[in-house]
Amino acid sequence: MDEDYMGLALDLAKKGKGKVNPNPLVGAVIVKDGKVIGKGYHERYGKEHAEINAFNSLKEDPKGATMYITLEPCSHYGKTPPCVDKIIEKNIRRVVIGSVDDNPLVSGKGIEKLKDAGIEVTVGILEDECKRLNEVFIKYISEKKPFVVLKSAMSLDGKISTYSGESKWITGENSRKEVHKLRNELTGILVGVDTVIKDNPKLTCRLENGRNPIRIIVDSTLRIPMSSEVIRDGKVRTIIATTEFADKDKILELEKKEIEVIIAKSKNNRVDLKDLMMKLYELNIDSILLEGGATLNFSALKENIVDKIQIYIAPKIIGGEKSKTPVGGQGIEELKKAFKIKDITSRVVGEDILLEGYIDKE
């Protein structure tokens, strides 16, 4: 039964996707005499945590009940009071926790405080699922870097465009909707200036009531046209990452358009992607969807900033020696140095296949 109730808490936690960053996704369920009497989730950044929302939903006394929480409850004062104190105050008899919080302000302290109050604590129920749900938060809080998802769409023979450069649309409508869900869930979207020049994308989320990601353009020498959609549309926060080689007058021109310009370190006369990740962390950007072209994708993999990949494969064959592939650049010389992917899963999305996996960094 513990796994069943924790599964319910996980389902609740997922409802906060795209609304709580950079906080973790958390769900909570209160059970008494074999019946769910309260449930809640962290709905929005800065608002009540899952535990408090679960208590607010109660219609009967929770004394002696068991509480299921996907993540260790907080024991410190942040934007809201400690949830641990409220659990103790409500006379909860047992607390079942999915995973320990990686935040050093919390880690283990909430559990210890519950035990000191005489509450029975069980830890590790559906732990892998709970940690996977908060993979963004875990990297952000422990490594102080954004979690990066590299997404690409290609044909069955590995092409992202025809030899003439046409790329809309390789995958089907269902796959494109999935991508917009990801744009809603992750904080930023990252592309290179070549993508902006070639495709002039808006880089917005087209879901109803969806959240637009922060647009981040890598442009080492500020080649971006001032007529670009990302410049003209001032409603969405936009950041351009450049280097000391950028034209100072153009920086001023962009800033007049309320475009944020980041001067990153340069590496081989290009934006140092590792330095850029550190700067984006300092701006509270916890997650990034990388929708770059072949060159930027290779650079991101080479610089080891990518955590997860999503490759949509369409049942089409394009061919062509000059047709581009998802990862270009110089490439690797020896197979033993290839970027290895682990924990691969697959599922059908409309007419396409989605492959997901994680970069093996060991």
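Residues are numbered from 1 along each chain as its sequence is written, and side-chain values use heavy atoms, with hydrogens and water left out. As the model is predicted, local features need pLDDT of at least 70 and side-chain atom pairs count only at pLDDT 80 or more, while totals for chains, interfaces and linings use all residues.

A pocket is here an open set of points, on a 1 Å grid over the protein atoms alone, where a 1.4 Å probe fits, with protein on both sides within 12 Å along at least five of seven lines; its lining residues have an atom within 4 Å of a point. Grid points are joined across faces, edges and corners, and a volume is the space filled by probe spheres set on the points. The second largest pocket holds about 830 Å³ of space. Its lining is made up of 31 residues, of which K17, R132, E135, E185 and K308 are the closest to the centre. Two or more lining residues come from each of α5 (127-133), α6 (135-143), β6 (147-155), α7 (173-185), β14 (308-314), β15 (341-349) and β16 (352-359). Helices (H or I, at least four residues) and strands (E, at least two) are DSSP runs, numbered from the N terminus. With 4 residues, α7 provides the largest share of this lining. By residue class, the lining comprises 12 nonpolar, 6 polar and 13 charged residues, where Ala, Val, Leu, Ile, Met, Phe, Trp, Tyr, Cys and Pro count as nonpolar, Asp, Glu, Lys and Arg as charged, and the others, Gly among them, as polar.

Attention now turns to the interior. In soluble globular proteins, nonpolar side chains tend to be buried together. A nonpolar core is taken as a set of buried Ala, Val, Leu, Ile, Met, Phe, Trp, Tyr and Cys residues joined through side-chain atoms within 4.5 Å; buried means under 20% relative accessible area, exposed over 50%, and partly exposed in between (1.4 Å probe, protein chains only). The largest nonpolar core has 29 residues, and L276, L280 and V306 touch the most other members. Elements giving two or more residues to this core are β6, β8 (214-218), β9 (238-242), α11 (273-282), β13 (287-290), α12 (294-302) and β14, and α11 gives the most, with 4 residues. Leaving aside residues up to four places away in sequence, V306 is in contact (heavy atoms within 4.5 Å) with V148, L150, L290, A300, L301, I359 and K361. A second, separate core has 23 residues, including L182, I189, V230 and Y358.

Helix α6 has E135, V136, F137, K139 and Y140 as its buried residues. These pack against α5, β6, α11, β13, β14 and β16.

Strand β16 is mostly covered, with 6 of its 8 residues buried. Strands are paired if DSSP finds at least two bridges between them. β16 runs antiparallel to β14, to which 6 bridges join it, and I353 of β16 is the bridge partner of I313. β15 is also antiparallel to β16, with 7 bridges between them; here I341 has I359 as its partner. β15 and β16 form a hairpin with 2 residues between them, and G350 in the turn has a positive phi of about 60°. Elsewhere, T66 in strand β3 (residues 66-71) counts as buried because its relative accessibility is 8%.

Most residues other than glycine have a negative phi, and most peptide bonds are trans. The peptide bond from N21 to P22 is cis, with omega near 0°, and P22 sits in the loop between α1 (2-13) and β1 (27-32). Another cis bond links K168 to W169, with omega near -10°; W169 belongs to the loop between β6 and α7. L203, which is not a glycine, has a positive phi of about 55°. This residue is placed in the loop between α8 (193-199) and β8 and, at 3% relative accessibility, L203 counts as buried. N268 also has a positive phi of about 55°, in the loop between β11 (266-267) and β12 (270-271), but N268 is exposed, with a relative accessible area of 70%.
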